[in-house]
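Biologist: Before I plan anything around this protein, I would like to go through the terms used to describe it and hear what stands behind each one. Could you take me through them?

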Amino acid sequence: MKKALRMTMIMACALAAALLLGACNSGPKVEPSEPGAQMPNPIVEVEGAAEIKTKMGIDMLAPEGAEKAQYSIIADTTAQVTFELDGAEYTYRIAKASGGMEDISGMYIDFAATKEADINGIPCKLSCNDGAEGMINWQDEQAGTVHNISMTEGATEEKLIAVAAEVIPVG
């Protein structure tokens with residue numbers, strides 16, 4: 001009798017395990033996506049500042065004297081122009097503000113120095129690792145936009161302030 005009870009218990013456990021394993025594998029079959037399929041690039045190059053104005057309603061210009069300017073739109077939310085000025089590379093971004101002075105730089109760096117600056121009457125936040133990375137942020141409350149100018153190398157407070165002063169309207 002003990003032998004029959006033991007055999008019944010073993011069979012019940014085996015049946016329960018088989019049911020559990022079968023239930024775990026009963027979901028819909030998911031086919032792998034196309035081989036080599038990738039996420040679409042959120043950065044779309046555009047012809048220039050006029051196309052950014054048409055598509056986003058944002059006025060954006062590289063500073064006077066800028067060379068190799070390339071305009072683009074990131075994820076339909078941020079206007080961008082990359083350019084060279086006096087041998088240094090810059091990225092300038094503008095996005096519609098959603099509240100406060102947001103950081104739209106895409107730079108995730110600990111900066112050695114961060115300070116407030118006033119450029120053409122506009123309060124700015126300046127962050128810099130002198131000679132390396134740096135950025136300056138400000139908000140245009142009248143236009144409802146946030147702005148960022150960044151450098152990935154060779155940054156100085158003086159360079160960032162000078163370029164920001166070129167694009168921030170006086171007034």
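Modeller: The largest pocket has 30 lining residues, and those nearest its centre are Trp138, Asp140, His147, Val167 and Pro169. This is a predicted model, in which local features need pLDDT of at least 70, side-chain atom pairs count only at pLDDT 80 or more, and totals for chains, interfaces and linings use all residues. Residues are numbered from 1 along each chain as its sequence is written, and side-chain values use heavy atoms, with hydrogens and water left out.

Biologist: What makes a space a pocket and a residue part of its lining?

Modeller: On a 1 Å grid over the protein atoms alone, a pocket is an open set of points with protein on both sides within 12 Å along at least five of seven lines, whereas a cavity is a set where a 1.4 Å probe fits but cannot get out; a lining residue has an atom within 4 Å of a point. Of the 14 residues lining the second largest pocket, Thr82, Glu89, Tyr90, Thr91 and Thr152 are the closest to its centre.

Biologist: Why is asparagine 148 called buried?

Modeller: Buried means under 20% relative accessible area, exposed over 50%, and partly exposed in between (1.4 Å probe, protein chains only). Asparagine 148 has 0% relative accessibility, and therefore counts as buried. The residue lies in strand E8, strands being DSSP runs of E with at least two residues, numbered from the N terminus.

Biologist: Which side chain makes a polar contact with that of asparagine 148, and what is the distance?

Modeller: The partner is the side chain of asparagine 137, at 2.5 Å. A polar contact is a pair of N or O atoms within 3.5 Å, and within protein one must be able to donate a hydrogen and the other to accept it, while residues adjacent in sequence count only if both atoms are side-chain atoms.

Biologist: Why are lysine 68 and aspartate 86 called exposed?

Modeller: Lysine 68, which is found in strand E2, has 63% relative accessibility and so counts as exposed. Aspartate 86, in the loop between E3 and E4, has 78% and therefore counts as exposed.

Biologist: What is the phi of lysine 68, and that of aspartate 86?

Modeller: Most residues other than glycine have a negative phi. Lysine 68 is not a glycine, yet its phi is positive, at about 55°, and aspartate 86, also not a glycine, has a positive phi of about 55°.

Technical notes. Helix = DSSP H or I, 4+ residues; strand = E, 2+ residues; numbered from the N terminus.
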